[in-house]
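Take a look at the structure below. We will walk through it step by step, one contact at a time.

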Amino acid sequence: MMKNNLMKLDVLSVDWRYWAGLLLLSLTMLATALFYQYALDEWPCVLCIHVRLWFSLLLLVSVIALLFRRYTIIRLSCNLLVMVTAAGLLERSYLLLGTERGFVFRSCGFELGLPSWLALDTWFPWIYRVEASCGYTPQLIPGITMAEALTVFSLLFLLISCAVMAANIFYLKKRH
């Protein structure tokens, strides 16, 4: 039973629909952030922009994987980057939630913290410019804030990406 599930996860990572789903997920999350920013006037803090950066990385990784998923080393690298992205999302979401709830105390400035050679906030200010200080996130639905939803989503995403990577490694050893 367990081996059968691992095999399904391994096969899933070669399927174009898996990577297209991750691409669509990242586009949806970025579009949602922009909707909240421009339609609902909920301006992003530095942690919110960091979350956008992680989803942008997921978008880039998904495109690369879609194009080159049949190459084992690229697929494994992309799966590893998906895991790293999920972990980064969880860490940023947790900080956002902690700042919102008051159990994480940190100063939240307007500097994105990127190196000068990667000035995304200058090149694409409409998506990556910090516009507000940290403190709260809007409610997605009554009683659930964006920080809460992102934290739960990120945890589930990390667990799934770890399972897919474990399946890839398990079946890579079997094949070789």
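Start with Leu 158. Setting aside neighbours within four places in sequence, Leu 158 is in contact with Met 83, Ala 86, Ala 87 and Leu 90. Keep in mind that this model is predicted. Leu 158 itself is found in helix α7. Is Leu 158 buried or exposed? Buried means under 20% relative accessible area. Leu 158 has 19% relative accessibility, so this residue counts as buried. Now compare sequence and space. Leu 158 and Thr 122 are 36 residues apart in sequence. From C-alpha to C-alpha, Leu 158 and Thr 122 are 30 Å apart in space.

Next, turn to helix α4.

α2 has 23 residues. From its first C-alpha to its last, α2 reaches 32 Å, close to the 33 Å expected at 1.5 Å a residue. Several residues of α2 are buried, among them Tyr 18, Trp 19, Leu 22, Leu 23 and Leu 30. Ser 26 and Gln 37 of α2 are buried too.

Now put these two helices together. α2 and α4 pack at an angle of about 35°, and their axes are 13 Å apart. The crossing of α2 past α4 is left-handed. Which residues make the contact? From α2 come Tyr 18, Trp 19 and Leu 22. From α4 come Arg 75, Cys 78, Asn 79 and Val 82. Sort the residues of this contact by type, and they divide into five nonpolar, one polar and one charged.

Leaving aside neighbours within four places in sequence, Trp 19 is in contact with Arg 75, Cys 78, Asn 79 and Val 82, among others. Its contacts also include Ser 13, Val 61, Ser 62, Ala 65, Leu 66 and Arg 69.

Finally, step back to the core. The largest nonpolar core has 39 residues. Trp 19 and Leu 47 have the most contacts inside this core. Which elements give two or more residues to the core? They are α2 (16–38), α3 (46–68), α4 (72–101), α6 (125–128) and α7 (146–175). α3 gives the most, with 10 residues.

How values were computed: Residues are numbered from 1 along each chain as its sequence is written. This is a predicted model: local features need pLDDT of at least 70, side-chain atom pairs count only at pLDDT 80 or more; totals for chains, interfaces and linings use all residues. Side-chain values use heavy atoms; hydrogens and water are left out. A nonpolar core is a set of buried Ala, Val, Leu, Ile, Met, Phe, Trp, Tyr and Cys residues joined through side-chain atoms within 4.5 Å. Buried means under 20% relative accessible area, exposed over 50%, partly exposed in between (1.4 Å probe, protein chains only). Helices (H or I, at least four residues) and strands (E, at least two) are DSSP runs, numbered from the N terminus. Contact means heavy atoms within 4.5 Å. Axes are lines fitted to C-alpha atoms, for helices over the stretch in contact, and angles run from 0 to 180 degrees between N-to-C directions. A crossing is left-handed if the near helix is turned anticlockwise from the far one by less than a right angle, and right-handed if clockwise. Ala, Val, Leu, Ile, Met, Phe, Trp, Tyr, Cys and Pro count as nonpolar, Asp, Glu, Lys and Arg as charged, and the others, Gly among them, as polar. The expected span of a helix is 1.5 Å times one less than its number of residues.
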